[in-house]
Amino acid sequence: MSPIPMVKAEAVHKNFGRLEVLRGIDLEVQPKEVMCVIGPSGSGKSTFLRCINHLEKIDAGRLSVDGELVGYRERGDRLYELPDAEVCKKRSEIGMVFQRFNLFPHMTVLQNVIEAPLRVKRENRVLAVERARKLLDRVGLAEKVDAYPNQLSGGQQQRVAIARALAMQPKLMLFDEPTSALDPELVGEVLDVMRGLADDGMTMVVVTHEMGFAREVGDSLVFMDGGVIVEFGKPRDVLSSPQHERTRAFLSKVL
Amino acid sequence: MSDAVAPRPEAIKAVPVRHPGRWLAAIVVLAIAVYMLYTVVSAVQNDHTARGSGWAAVGYYLFNGLIFRGILVTLELTVLAMAVGIVLGVILAVMRLSPNPVMSWVSWLYIWFFRGTPVLVQIFFWFNLNLILKSVDIGIPFTPLWLHANTNSLIPPFMAALLGLGLNEAAYMAEIVRAGMISVEHGQTEAAQALGMERGLVMRRIVLPQAMRVIIPPTGNETISMLKTTSLAFGASVTELFTRQQQIATATYDVLELLIVASIWYLVMTSILTVGQYYIERRFGRGTQRGLPPTPLQRFRRMLFTFHAPPPAADEMPVLLPRGH
């Protein structure tokens, strides 16, 4: 018997008004797998990522994380919306890193990292601080604990954002173009941290434009366009010998 | 290539551009101001009062005990009405942005009503509440545990004015707080939600603290405005500053002098609030700018020494100038 997939999407549809953003996404992410998602802007890759932790509601299909439906409970053949508290509880088990970092600017680095463990999980303060320091040390920012986000470079901010997500000890990490807002020379430091995470066996879904990262770190690669998965496979195969015309056209522009 | 840096050339010493227009404008404005001041001063001077010239009377009333008691009531009303306004305003703003349509509509309706009717009318309504409601009875049904209170004793004049001013203020504060909350980037809410924080927690810990920077300046304005609006409590015969000066003026016919006394005190109080507002804003600006803006005193000192508009403060340009001299 195969293990329960960490993420399982079956015919996921999403529309914003009349605009169909996702038109039937089927995929599975296994535990400890690193899946990279690439595609042109507007292809629905970020939207799909946001559906996984219910920042967006899906309109049709089934989406589950770790064997449980996202945002709903199924009883008999009916779906019941989950109350806010339960949605939040499930979100707390999924880490998310944003393109624009979204650190809390009125809090220091340390406060950013311990906020959710203290307020959402009600952890002991001493333990939370201790873990936060370890995480910040791991992302190479041990000496920045008392700095405010606006005193840090983009790369540093993004590494804090990763530490903040890890502080909740998630079983799945979602990355939404984590290096797209960074100056070129700062991209490497963030990718290094992500590579370390992958090596430690974290399950990750990474929406990215970093083909090198996808090739070296990814276990699987998804190419999305127009709200559907056009191509799926081992990163090396997809990147070096794409099967579809649209994939080839996209790769020729970005590589 | 050697690492030697070329010596820094001498600092620029240029003759500044002259501004004759500024001088001309200053003279004209000064002349008008002097004329207007003279008109008022001489009018008061020539007014005959029981204490001699009008200015003698102003000096006497300025530190009159009744006036002082009026000032105290004015301050009390200002503080309490603003407290009611801010607390209720935050609640209304959160309700207004709530996904619950009942909450949102109740808040909308409240703001519509209290912002849409004059404060004076509202104060009169509270003052005359007994016309609507003779008495208030609170208790547990089918038991003898009942509290009975006459409306007039429940809402004395001060309370009527406080309710009128405070509830009206809440409508305005709600809009100010809402504007502040909307100004916080949506990504902040999303990041907090992604961490598993519930709506209330997101509001309290993430959105409201960041909204403060936008909320504080207009709240300062509201406080200053409230200090003056308390004079409408005159309508409910609350003995605040304006009512007091009016009472004395009616008895002594020193109308002009007492209006001047009241104006002086209102100006003193609003000036103190203005200074306070400046420092509070400066405090909440921390973390958004690299350096804090100079205090007015620092600015003034700098202007004295340069005879020009103040140059950027040293701490506004941390890269170019050394700090702490």
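Two strands count as paired if DSSP finds at least two bridges between them. In this predicted model, strand S9 (residues 172–176) and strand S10 (residues 204–207) of chain A are joined by four bridges. The two strands run parallel. Within this pair, Leu174(A) stands opposite Val205(A) of S10(A).

S9 and S10 belong to an open sheet of six strands in chain A, ordered S8-S9-S10-S3-S11-S12. Pairing in the sheet is mixed. Its edges are formed by strand S8 (94–97) and strand S12 (228–233) of chain A, each of which pairs on one side only. Neighbouring strands are turned against each other by 15 degrees on average, direction ignored. Helix H6 (residues 184–199) of chain A lies across strand S3 (34–38), S9 and S10. The helix runs at about 150 degrees to S10(A).

Chain A also contacts chain B. The contact takes 25 residues from chain A and 20 residues from chain B. About 1,900 Å² is buried between the two chains, and carbon and sulfur atoms give 57% of this area. Three residues, Ala194(B), Leu195(B) and Arg205(B), supply 31% of the area that chain B buries against chain A, more than any other three residues.

Two salt bridges are found across the interface. One of them links Arg205(B) to Glu115(A), with the closest N and O atoms 2.8 Å apart. Five residue pairs are in polar contact across the interface. On the chain B side, helix H8 (186–194) and helix H9 (199–229) are the elements that give two or more residues. H8(B) gives the most, with seven residues. The chain B side comprises eight nonpolar, seven polar and five charged residues.

How values were computed. Residues numbered from 1 in each chain as written. Chains lettered and ligands numbered in written order. Predicted model: local features only at pLDDT ≥ 70, side-chain atom pairs only at ≥ 80, totals over all residues. Heavy atoms only, no water. Axes fitted to C-alpha atoms, helices over the stretch in contact; angles between N-to-C directions. Contact = heavy atoms within 4.5 Å. Buried area = accessible area lost by both parts, 1.4 Å probe. Salt bridge = Lys/Arg side-chain N within 4 Å of Asp/Glu carboxyl O. Polar contact = N/O pair within 3.5 Å; in protein donor to acceptor, adjacent residues only side chain to side chain. Nonpolar A, V, L, I, M, F, W, Y, C, P; charged D, E, K, R; others polar.
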